Amino acid sequence: MAIGSGLGAQLGISAESTYGTFVAPSKFVEFTKESLVLKKTTAQSAGIAAGRLLALSSRRVLTRKEVSGSIDLEVTNKAMGLLLQALMGTTVTPAQQATSTAYLQTHTLADTAGKSLTIQKGVPLTTGTVTDKSFLGCKVTSAEFSCEVGGMLTGSFEFDGKTCDEAQTLATASYPAMSPYHFGQMAVKTGTFGTETARDGVRKVSVKIERPQAVERFYAGQAGLKREPISNDQVKITGTMETDYIDTVLDDLHTSDGSTSLVWEFVGPIIASTYAETFRITLPAVHFDEGPPVVDGFDVIKPTLQFTGLYDGTNLPKIEYMSTDVTL
């Protein structure tokens, strides 16, 4: 029996072969909170019948179902591949580095067609019995990563899903030894793509990637369930960078509206040879929208720069993830 509180909860995920078709979890992620729920639409008959003062229970119908919600977690050195693939869209096979135990995943921005997840949630009753809620057809609609002084790298993933199946068998959770990325491993680089140099004075960074999709694809003959969402707008990449006013490099880019490549990375312990645990976001062209320095008292000047990530015409944004995970 599990603990009869959130301490006994679990989340397992797997990639689906067919949108909305259950696949037993292949990975279990450690999370800090989640809000995945089944949303239903009902209609109530309003027919008039002589003397009837209250609508009939038997005349209430369930017309459609869908799933929405989010998962917040600490980004760790293992088990992140499926979420990153569902966010970025590229089909990824981890590439072994030389003959070492290090495997590199390169998640380059692409369409997310066919990239849906089954997310199985175990929710404990107070008795310690853990109930199963399997959310099918989960598509990532946005994700935001953030890290600040003294903190861990966190991620928040938003989902749109097809339905919830409570008739599956709850998988037995198992977790590899994992450790989170944190501020002490963080570096920020800017400059020409491929030759970026380290920036000093950075205190906090956040990056948000939004994947707009047509999520209202409800058609006749689908039993009130949606078809797989389709991308219906350009990807939106935004972020913020809190800094001390060390130099004018980023301030000058704001003034000129020039672009720079931005690399935000976390490098952990060596896995083998020269290959280290790594989480890296590369945005080949960012423009700073706001954040010129202002003097707000006696303290060190601390501009907060807001930026937009765009396409440089050649190189696409990507997330690189080096771990010992042989598969996603």
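Phe307 is buried, with a relative accessible area of 1%. This residue belongs to a predicted model of a protein of 328 residues, of which 44% count as buried. The protein has two helices and 21 strands, and its C-alpha trace spans about 80 × 50 × 40 Å along the principal axes. Of the contacts with a separation of 6 or more, 71% are between residues 24 or more positions apart.

**Aromatic pairs**

- Seven aromatic pairs are counted in the protein.
- Tyr181 and Phe279 form a tilted pair, with 6.4 Å from centre to centre and 40° between the planes.
- Tyr181 lies in the loop between strand E11 (163-165) and strand E12 (186-191), while Phe279 lies in strand E19 (residues 275-290), so this pair ties together parts that are 98 residues apart in sequence.
- Both Tyr181 and Phe279 are buried.
- The rings of Phe288 and Phe307 are edge-to-face, because their planes stand at 75° with the centres 6.1 Å apart.
- Phe288 is in strand E19 and Phe307 in strand E20 (residues 304-310), so the pair ties together parts that are 19 residues apart in sequence.
- Phe288 counts as buried at 2% relative accessibility, and Phe307 is buried with a relative accessible area of 1%.

**Aromatic cluster and charge over a ring**

- One aromatic cluster is formed by Phe145, Phe157, Tyr181, Trp264, Phe266 and Phe279.
- Tyr181 and Phe279, the tilted pair described above, are among the members of this cluster.
- The charged end of Arg64 sits over the ring of Phe218, at 4.1 Å from the centre of that ring.

**Helix H1**

- Helix H1 covers residues 81-88, and eight of its eight residues are buried, so the helix is largely enclosed by the rest of the structure.
- The buried residues of H1 are Gly81, Leu82, Leu83, Leu84, Gln85, Ala86, Leu87 and Met88.
- Gly89 follows H1 and has a positive phi, near 105°.

**Cavities**

- Two cavities of 30 Å³ or more are counted.
- The largest cavity has a volume of about 90 Å³.
- This largest cavity is lined by 13 residues, of which Thr243, Asp244, Asp247, Leu250 and Leu305 are the closest to its centre.

**Ser261**

- Ser261 is in strand E18 (residues 260-272).
- With a relative accessible area of 1%, Ser261 counts as buried because the limit is under 20%.
- Its side chain makes a polar contact with the side chain of Glu196 at 2.6 Å.
- Leaving aside neighbours within four places in sequence, the residues in contact with Ser261 include Lys189, Thr190, Gly191, Thr192, Phe193 and Glu196.
- Thr282, Leu283, Pro284 and Ala285 are also in contact with Ser261.

**Ser323**

- Ser323 is in strand E21 (residues 318-323).
- The relative accessible area of Ser323 is 0%, and the residue is buried.
- The side chain of Ser323 reaches the backbone nitrogen of Asp325 at 3.0 Å.
- Not counting residues up to four places away in sequence, Ser323 touches Asn77, Thr101, Ala102, Tyr103, Gln105 and Ile271.

**Ser70**

- Ser70 lies in strand E5, which covers residues 60-74.
- Ser70 is buried, with a relative accessible area of 13%.
- Ser70 touches Lys33, Glu34, Ser35, Leu36, Phe157, Glu158 and Phe159, not counting residues up to four places away in sequence.
- One of these, Phe157, is also a member of the aromatic cluster.
- The C-alpha atoms of Ser70 and Ala143 are 9.2 Å apart in space, and the two residues are 73 residues apart in sequence.

**Leu53**

- Leu53 is in the loop between strand E4 (37-44) and strand E5 (60-74).
- A relative accessible area of 85% makes Leu53 exposed, because the limit is over 50%.
- Leu53 and Ile319 are 266 residues apart along the chain, with their C-alpha atoms separated by 60 Å.

Notes: Residues are numbered from 1 along each chain as its sequence is written. This is a predicted model: local features need pLDDT of at least 70, side-chain atom pairs count only at pLDDT 80 or more; totals for chains, interfaces and linings use all residues. Side-chain values use heavy atoms; hydrogens and water are left out. Helices (H or I, at least four residues) and strands (E, at least two) are DSSP runs, numbered from the N terminus. Buried means under 20% relative accessible area, exposed over 50%, partly exposed in between (1.4 Å probe, protein chains only). A polar contact is a pair of N or O atoms within 3.5 Å; within protein, one must be able to donate a hydrogen and the other to accept it, and residues adjacent in sequence count only if both atoms are side-chain atoms. Contact means heavy atoms within 4.5 Å. Rings of Phe, Tyr and Trp (its six-membered ring) pair if their centres lie within 6.5 Å; planes under 30 degrees apart count as stacked, over 60 as edge-to-face and the rest as tilted. A charge sits over a ring if NZ of Lys or CZ of Arg is within 6 Å of the ring centre and within 35 degrees of the ring normal. On a 1 Å grid over the protein atoms alone, a cavity is a set of points where a 1.4 Å probe fits but cannot get out, and a pocket is an open set with protein on both sides within 12 Å along at least five of seven lines; lining residues have an atom within 4 Å of a point. Grid points are joined across faces, edges and corners, and a volume is the space filled by probe spheres set on the points.
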